[in-house]
Amino acid sequence: MTIGFIGLGIMGSRMAANLQHAGKQLIIFNRTPAKAEALIANGAQLATNPAEVGRHSATIITMLAHPQAVEAAALDHAGFLDQLQAGALWIDCSTGNPAFARRMAAEAAKRGVAFIDAPVTGSKGQAEAGQLVFLAGGNVEDLAAADELFSCMGRQTIHVGIHGMGTALKLVFNLLLANAMASFAEGLAFGESLGISRETLLDTLLGAPIVAPFLSFKRAKLANNSYAAEFPLRWMHKDLAMVAAAESSAAIPLATTTAALYQQALECGLGDQDFSAIAQLFQADEQPTMLKQ
């Protein structure tokens, strides 16, 4: 069975490679064909557009940057959804919002295609090692059909509920990640302003119960002010916009403030760096006007 894969960025390229390592035959599409070269060298077929992927796949996985890109790949004139046969499966691992996931599920159902929203937790290293966690929304039967593929790419699949619920939980994850990263960066800057060295702060705080465990994986970046992207800051900013757009009655004042900080970071040219580069906003010689008030 040929698996279609659309979207070969930092995460998607590694997920697709793990499917290849498990012996799956792939037909792939990416707007930048150069990113597909390693997969092609290992036997993947490169499609000219998403529609071609749909014509040759029983299952399609999308891992794209934002909902507009997902919708275009699925529903534009060269989209894949009208090319899939009834009974096919579409797994969307992109991060959007719950309402969008439900709309894509409805579009798929019109064509007799099953749909799972299954965004992932983990960064580049986890994707490469096949250690992602999938947060899935959809029917139990469809998840069972996709279980082998999830196992090739990750270590756990959590069935959160109906369509859109996987995406909902991913927004909760990224809200907490964004807030924790910004809060920790502020704490580092405050400690340094009091004369504590960054090394001492990192030695003392990382691994302590007062900080999120994932921050330990950001130590080298924070210690060296070197922020090669594992999860680019611009995508964290995008996910915070998804949080703001979600159909929720909850008050999220911290998320609103954090989103403004990530917007400042984008305006400072940090969008292509890792989201931990938000720490640079808090350095005295880097601070934008908002932080100095």
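This briefing walks through the pockets, cavity, salt bridges and surface patch of the structure above.

The model is predicted, so local features need pLDDT of at least 70 and side-chain atom pairs count only at pLDDT 80 or more, while totals for chains, interfaces and linings use all residues. Residues are numbered from 1 along each chain as its sequence is written, and side-chain values use heavy atoms, with hydrogens and water left out. The largest pocket has a volume of about 1400 Å³, and a search of the whole structure finds 14 salt bridges.

**Terms used throughout**

- Helices (H or I, at least four residues) and strands (E, at least two) are DSSP runs, numbered from the N terminus.
- A residue is buried under 20% relative accessible area, exposed over 50% and partly exposed in between (1.4 Å probe, protein chains only).

**Pockets**

- Pockets and cavities are found on a 1 Å grid over the protein atoms alone: a cavity is a set of points where a 1.4 Å probe fits but cannot get out, and a pocket is an open set with protein on both sides within 12 Å along at least five of seven lines; lining residues have an atom within 4 Å of a point.
- Grid points are joined across faces, edges and corners, and a volume is the space filled by probe spheres set on the points.
- The largest pocket is lined by 50 residues, and nearest its centre lie Met-11, Met-63, Glu-230, Phe-231 and Trp-235.
- At least two lining residues of the largest pocket come from each of H4, strand S7 (120–121), helix H6 (124–129), strand S9 (154–161), H8 and helix H11 (233–245); H8 gives the most, with 5 residues.
- The lining of the largest pocket divides into 26 nonpolar, 16 polar and 8 charged residues; here Ala, Val, Leu, Ile, Met, Phe, Trp, Tyr, Cys and Pro count as nonpolar, Asp, Glu, Lys and Arg as charged, and the others, Gly among them, as polar.
- The second largest pocket holds about 320 Å³ of space. Of its 16 lining residues, Leu-171, Val-243, Ala-246, Glu-247 and Ser-248 are the closest to its centre.
- H5, H8 and H11 are the elements that give two or more residues to the lining of the second largest pocket, and the largest share, 4 residues, comes from H8.
- By class, the second largest pocket is lined by 12 nonpolar, 2 polar and 2 charged residues.

**Cavity**

- The count comes to 1 cavity of 30 Å³ or more, and the largest cavity has a volume of about 60 Å³.
- Among the 13 residues that line the largest cavity, Asp-92, Ser-94, Gly-96, Phe-100 and Thr-167 are the closest to its centre.
- Helix H4 (67–75), helix H5 (98–110) and strand S6 (114–117) each give two or more residues to the lining of the largest cavity.
- The lining of the largest cavity has 5 nonpolar, 6 polar and 2 charged residues.

**Salt bridges**

- A salt bridge is a side-chain nitrogen of Lys or Arg within 4 Å of a carboxyl oxygen of Asp or Glu.
- Glu-128 and Arg-14 form a salt bridge, with their closest N and O atoms 3.5 Å apart. Glu-128 lies in helix H6 and Arg-14 in helix H1 (residues 12–21), so the pair ties together parts that are 114 residues apart in sequence.
- Glu-128 is exposed at 53% relative accessible area, while Arg-14 is partly exposed at 25%.
- Glu-247 meets Arg-102 in a salt bridge (3.5 Å, N to O). This pair ties together parts that are 145 residues apart in sequence, because Glu-247 lies in the loop between H11 and helix H12 (253–267) and Arg-102 in helix H5.
- Glu-247 is exposed, at 67% relative accessible area, and Arg-102 is partly exposed, at 33%.
- Lys-221 and Glu-230 also meet in a salt bridge (4.0 Å, N to O); Lys-221 is buried at 11% and Glu-230 is partly exposed at 21%.
- A network of salt bridges links Asp-82, Glu-107, Lys-110 and Arg-111.

**Surface patch**

- Phe-190, Leu-194 and Ile-196 form a nonpolar surface patch, with about 320 Å² of accessible area together.
- Patch residues have over 30% relative accessible area and no salt bridge; like charges are joined within 9 Å, and nonpolar side chains (Val, Leu, Ile, Met, Phe, Trp, Tyr) within 5 Å. Accessible areas come from the Shrake-Rupley method with a 1.4 Å probe, and for residues only the protein chains shown count as cover.
- Phe-190 sits in helix H8 (residues 165–193) and is exposed, with a relative accessible area of 56%.
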